[in-house]
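Have a go at each task before you read its solution.

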Amino acid sequence: MGVSGLLWAVRALVLLQFVTGILGWGKEGHYATCKIAEGYLTAEALAAVKELLPESAEGDLANVCSWPDEIRFHYHWSSALHYVDTPDFRCNYEYFRDCLDSSGRKDRCVTGAIYNYTNQLLSLYQNSNSESNYNLTEALMFLSHFIGDVHQPLHVGFLGDLGGNTIQVHWYRRKSNLHHVWDNMIIESALKTFYSSDLATMIRAIQNNITENWSNQQPLWEHCAHNHTVCPNPYASESISLACKFAYKNASPGSTLEDDYFLSRLPVVEKRLAQGGIRLAATLNRIFASYVKIAQA
């Protein structure tokens with residue numbers, strides 16, 4: 001077995017062993033990202049989103065933002081699309097170097113998936129004379145989910161530890177791994193400690209931070225250089241930088257992570273949820289900017 005085959009086998013084993021720890025933000029994080037995004041959609045984008053949502057969503061994008069996690073072991077090909085691994089300890093990301101799967105196939109990573117599903121949605125909504133060959137409902141759900149994933153710092157982590165999946169730690173008294181801490185446990189602890197176990201209260205607090213404390217940053221979060229419709233590469237670069245500065249720091253194998261780690265990392269998590277929501281909305285607004293014209297054509 002070659003090196004790439006060995007890495008694939010190791011990752012497959014880790015994914016099975018830590019199934020609850022490799023799903024991007026947990027359900028709460030993805031719900032929060034998409035719920036925040038809904039508040040910043042234009043009328044055109046909101047109409048397009050509602051038209052594409054499956055019945056199970058009941059008109060609410062947030063209700064299906066975890067769908068790609070629920071089907072990833074049915075859609076085996078999609079597993080590699082939730083993350084992008086980077087060289088150990090370099091603390092940087094480069095698309096052409098890093099965006100490939102364990103078999104070396106290019107564009108098979110979270111940033112590549114964001115480009116792909118954006119283009120699928122554009123294929124219909126930028127050309128009223130053509131019918132799409134894509135499942136645009138799935139494209140919307142994948143895109144919404146993956147924009148959330150790329151904002152989780154350890155989804156742009158180190159190849160050697162599979163984004164923190166092989167770093168065993170204790171979260172207070174509970175055994176876990178570092179990736180799962182960032183996917184779920186920081187958010188779960190925040191809900192219990194600060195938000196009376198109510199996700200809606202946590203989301204409102206993040207929304208208040210956007211309007212009151214981060215309003216001057218919001219236009220920068222929304223902006224894509226060169227008038228691009230979507231721009232996930234800067235998001236990935238931010239994530240690996242945050243992974244090095246916050247996620248990996250003071251989290252060596254076997255360590256116990258408690259209040260010092262939790263209270264200093266929670267603001268990072270909440271800001272990434274906010275950025276993911278704002279950027280998802282901005283992307284959907286750009287994709288569906290001409291939706292009314294197309295619908296009326």
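**Exercise 1. Find the partner of Cys91 and say which parts of the chain the bond ties together.**

Step 1: Look for a sulfur partner, with a disulfide being a pair of cysteine sulfur atoms within 2.5 Å. Cys91 is joined to Cys244, S to S 2.1 Å. A disulfide is a covalent bond between the sulfur atoms of two cysteines.

Step 2: Cys91 sits in the loop between helix H4 (67-70) and helix H5 (95-98) while Cys244 is in helix H11, so the bond ties together parts that are 153 residues apart in sequence. (Helices are DSSP runs of H or I with at least four residues, strands are runs of E with at least two, and both are numbered from the N terminus.)

Step 3: The torsion about the S-S bond is -100 degrees, and the link of Cys91 and Cys244 is left-handed.

A word on the ground rules: this is a predicted model, where local features need pLDDT of at least 70, side-chain atom pairs count only at pLDDT 80 or more, and totals for chains, interfaces and linings use all residues. Residues are numbered from 1 along each chain as its sequence is written, and side-chain values use heavy atoms, with hydrogens and water left out.

**Exercise 2. Work out how many disulfides the whole structure has and how they pair up.**

Step 1: Search the whole structure; four disulfides turn up.

Step 2: Go through some of them. Cys99 bonds to Cys109 (S to S 2.1 Å), and Cys224 bonds to Cys231 (S to S 2.0 Å). The torsion for Cys224 and Cys231 is about -85 degrees, so that disulfide is left-handed.

Step 3: Count the bonded cysteines along the chain, and the pattern reads 1-2, 3-8, 4-5, 6-7.

Step 4: Check burial, where buried means under 20% relative accessible area, exposed over 50%, and partly exposed in between (1.4 Å probe, protein chains only). Cys99 is buried at 3%, and Cys109 is buried at 1%. Cys91, at 32%, is partly exposed.

**Exercise 3. Find the salt bridges that Glu238 makes with Arg272 and Arg279.**

Step 1: Apply the rule: a side-chain nitrogen of Lys or Arg within 4 Å of a carboxyl oxygen of Asp or Glu. The count by this rule is eleven salt bridges.

Step 2: Take Arg272. Its side chain meets Glu238 at 2.6 Å, N to O. Arg272 is in helix H12 (residues 259-287) and Glu238 in helix H11 (residues 232-247), 34 residues apart.

Step 3: Now Arg279, which meets Glu238 at 2.8 Å, N to O. Arg279 lies in H12 and Glu238 in H11, so this pair ties together parts 41 residues apart in sequence.

Step 4: Compare accessibility. Arg272 is buried at 2% and Arg279 is buried at 4%, whereas Glu238 is partly exposed at 26%.

**Exercise 4. Describe how H9 meets H12.**

Step 1: Get the geometry from lines fitted to C-alpha atoms over the stretch in contact, with angles from 0 to 180 degrees between N-to-C directions. The axes of H9 (residues 199-212) and H12 come within 10 Å and cross at roughly 75 degrees.

Step 2: List the contacts (heavy atoms within 4.5 Å). Met202, Ile206 and Ile210 in H9 meet Glu270, Leu273, Ala274 and Ile278 in H12.
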